[in-house]
Amino acid sequence: MTTTRTLRIAMNGITGRMGYRQHLLRSILPIREAGGVLLADGSRVQVEPILVGRSESKIRDLAQQHKVEHWTTDLDGIINDPTVDIVFDASMTSLRAATLKKAMAAGKHIYTEKPTAETLEEAVELARIARDSGVTAGVVHDKLYLPGLVKLRRLVDEGFFGRILSLRGEFGYWVFEGEIQPAQRPSWNYRKEDGGGMTTDMFCHWNYVLEGIIGEVRSVNAKTATHIPTRWDEQGKEYQATADDSAYGIFELETPAGDSVIAQINSSWAVRVYRDELVEFQIDGTHGSAVAGLNKCVAQQRAHTPKPVWNPDLPVTDSFRDQWQEVPANAELDNGFKLQWEEFLRDVAAGREHRFGLLSAARGVQLAELGLQSSAERRTLDIPEIVL
């Protein structure tokens, strides 16, 4: 007979875009409908979400819509509820560290969006608390679970690239100012005082992507910009953007073999897309190259690399995109957020550490801090190792 254990999950900030769409709608609810997560011993762990938010009407309506029995606006109360096993946080960055500290102090396992804190000092403190409390702590590293990057990592593991030379990344799209057309992102994203900013938001992602695919980030040289200084909020009120909406970074990486790799990543909410996906990464190596987006990955081997000749007097006749071959998935790849949730829940059930924890998140906060400092000081900064 199959045994099933139920984990009660307090989901804070679930009315936000990511909290609702990716974590509730595409992760926890499908896991619940599937009867939970299958464990190695044949048993299952089921999930029972508890929706948490500041707006009673929004939380109540979401609970009714998705047949979630329990909801509350009392965050402190649910954190201290002895029947709650996990606290998940997808609220504003400025509120996150306090929530995670309270949850771990109450003995709860935690799973959280990032950045985990507004400062490196606070992010490191969270990692120390997790280590000392013995709870299972997980941080969303969703991009490493995306089909495109899963394929890219597989090419690295198989030695496809030979010696890796460089990585180039392009991320972003045009976010409307909000005056005529509503903005696609919340207004706090563009206010530094509320924890907003492209560097703060995305460098923590780029840190784990670079670590998870190529190697450790050793230095950063960044330039930030606020290209759109005036925006309009959700109520149509004009406000001044105090945070950067674009960040241009050059990173020096070191592979496990000790090779140096140069990475360049452009991140912008003020760019119009002329590429196949909203984010793309290209790795070039001595034996081959590959380009990966959210889903698709194409590659070109050394033996299949054409030999173009520069001649500005003649039109280009080569169809360069047609010279690349698509990399097959060779497996069924589910939603990246859901896959990491399932991995995290298995770790909680087994009482073991999650591979993407608060120390990894602290390195992301560190990279963001140093990126902002690099831009302000107009210089390259080395990245010291974090010691707990």
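**Pocket lining and salt bridges**

Me: How do the residues of the lining of the second largest pocket divide into nonpolar, polar and charged?
Reply: Nonpolar means Ala, Val, Leu, Ile, Met, Phe, Trp, Tyr, Cys or Pro; charged means Asp, Glu, Lys or Arg; the others, Gly among them, are polar. A pocket is an open set of points on a 1 Å grid over the protein atoms alone where a 1.4 Å probe fits, with protein on both sides within 12 Å along at least five of seven lines; lining residues have an atom within 4 Å of a point. The lining divides into 8 nonpolar, 3 polar and 8 charged.

Me: At what pLDDT do side-chain atom pairs count?
Reply: Residues are numbered from 1 along each chain as its sequence is written, and side-chain values use heavy atoms, without hydrogens and water. This is a predicted model: totals for chains, interfaces and linings use all residues, local features need pLDDT of at least 70, and side-chain atom pairs count only at pLDDT 80 or more.

Me: How much space lies in the second largest pocket?
Reply: Grid points are joined across faces, edges and corners, and the volume is the space filled by probe spheres set on the points. For this pocket that comes to about 490 Å³.

Me: Which lining residues are closest to the centre of the second largest pocket?
Reply: Strands are DSSP runs of E, at least two residues; helices are runs of H or I, at least four; both are numbered from the N terminus. β8 (164-172), β14 (279-285), β15 (288-292) and β16 (297-301) each supply at least two lining residues. Of the 19 residues in the lining, the closest to the centre are Asp-276, Glu-280, Gln-282, Val-291 and Arg-321.

Me: How many salt bridges does the count come to?
Reply: Side chains of opposite charge can pair when their charged atoms come close. The rule asks for a side-chain nitrogen of Lys or Arg within 4 Å of a carboxyl oxygen of Asp or Glu. The count comes to 26.

Me: Which residue forms a salt bridge with Arg-8?
Reply: Arg-8 is buried (under 20% relative accessible area; exposed is over 50%, partly exposed in between; 1.4 Å probe, protein chains only), at 14%. The closest N and O atoms are 3.4 Å apart, and the partner is Glu-48.

Me: Which helix holds the Glu-125 partner of Lys-101?
Reply: The closest N and O atoms of Lys-101 and Glu-125 are 3.2 Å apart. Lys-101 lies in helix α4 (residues 93-105), so the pair ties together parts 24 residues apart in sequence, and Glu-125 lies in helix α5.
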